[in-house]
Amino acid sequence: PRLSGSRGQHRTEALMATVYIGVGSNQEPRRHVRSALAALAARFGPLRVSPVYAGAAVGGDGPEYLNLVVGCESEEPPEAVAAALKAIERAHGRGATQALCPLDLDLLLYGDLVLETPTLRLPRPDIDRYAFVLRPLAELAPQARHPLSGKSFAELWADFPAADQPLQSVEIELP
């Protein structure tokens with residue numbers, strides 16, 4: 001929040017931030033991705049949606065994931081956005097540990113905010129580590145810049161060793 005006021009009086013004004021959210025599922029992924037997009041739109045308003053990609057599960061066995069990135073605007077603080085994402089995950093049956101993941105929602109970026117708390121890191125470190133995050137983000141917001149490196153997401157994707165993490169474009173009917 002921004003503080004403003006005069007004569008010693010301060011009030012908090014909400015700032016509108018562009019938010020990017022990673023969406024993934026490997027359990028009935030088409031159904032859960034569509035449902036997640038509907039829930040995100042109901043919670044945050046109009047969404048910008050990247051193409052959808054299929055890729056192998058990272059860090060474990062299990063069916064391949066469908067992944068995409070959505071962008072929206074929010075006046076809520078980043079902690080509230082992250083809490084809303086966790087609530088949507090739980091509503092879709094997400095548990096603490098399971099090989100099958102009905103829904104994984106990750107707050108990737110909140111404007112150009114750099115934040116590190118015990119429960120939230122922004123920008124999310126996964127952005128430039130995983131093709132399933134960077135490629136759809138680069139397609140959705142190619143000119144946007146990573147808050148730490150200053151490089152555009154298109155530049156980061158161009159430099160990414162994509163052959164090491166193959167993705168396949170997937171057509172699904174979105175809400």
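Buried means under 20% relative accessible area, exposed means over 50%, and partly exposed lies in between (1.4 Å probe, protein chains only). This is a predicted model: local features need pLDDT of at least 70, side-chain atom pairs count only at pLDDT 80 or more, and totals for chains, interfaces and linings use all residues. Residues are numbered from 1 along each chain as its sequence is written, and side-chain values use heavy atoms, with hydrogens and water left out.

Q: Why is Glu28 called partly exposed?
A: Its relative accessible area is 47%. Partly exposed runs between the buried and exposed limits, so Glu28 gets that label.

Q: Where is Glu28 found, and what is its phi?
A: Glu28 is in the loop between strand 3 and helix 1. Helices (H or I, at least four residues) and strands (E, at least two) are DSSP runs, numbered from the N terminus. Phi of Glu28 is near 45°, a positive value in a residue other than glycine.

Q: What makes the pair Glu28 and Arg31 a salt bridge?
A: A salt bridge puts a side-chain nitrogen of Lys or Arg within 4 Å of a carboxyl oxygen of Asp or Glu. Here N to O is 2.8 Å, so the pair qualifies. Arg31 is partly exposed, at 45%. The structure holds 10 salt bridges.

Q: How do you know that Lys86 and Glu89 are about one helical turn apart?
A: They are three residues apart in helix 2 (residues 78-91). Glu89 has 4% relative accessibility, so Glu89 counts as buried. Lys86, at 35%, is partly exposed.

Q: Why is Asp159 called exposed?
A: Its relative accessible area is 57%. Asp159 forms a salt bridge with Lys151, with the closest N and O atoms 3.7 Å apart. Lys151 is partly exposed, at 37%. Elsewhere, salt bridges that share partners join Asp106, Arg124 and Asp126 into one network.

Q: Why is Ser74 called buried?
A: Ser74 has 4% relative accessibility. The limit is under 20%, so Ser74 is buried. Ser74 lies in strand 6 (residues 65-74).

Q: Which residues does Ser74 touch, not counting residues up to four places away in sequence?
A: Contact means heavy atoms within 4.5 Å. Ser74 touches Leu15, Met16, Ala17, Val19, Phe44, Val81 and Tyr110.

Q: What describes two packed helices?
A: The angle between their axes and the distance between the axes. Axes are lines fitted to C-alpha atoms, for helices over the stretch in contact, and angles run from 0 to 180 degrees between N-to-C directions. Helix 1 (residues 29-44) and helix 2 pack at about 145°, with axes 11 Å apart. Their contact is made by Ala39, Leu40, Arg43 and Phe44 of helix 1 and Ala80, Val81, Ala84, Leu85 and Ile88 of helix 2.

Q: Which residues of helix 3 (residues 131-140) are buried?
A: Ala131, Val133, Leu134, Pro136, Leu137 and Ala138 are. The buried residues of helix 3 pack against strand 3 (17-25), strand 5 (52-55), strand 6, strand 7 (104-110) and helix 4 (153-158).

Q: What kind of peptide bond joins Leu122 and Pro123?
A: A cis peptide bond, with omega about -5°. Pro123 is found in the loop between strand 9 (121-122) and helix 3.
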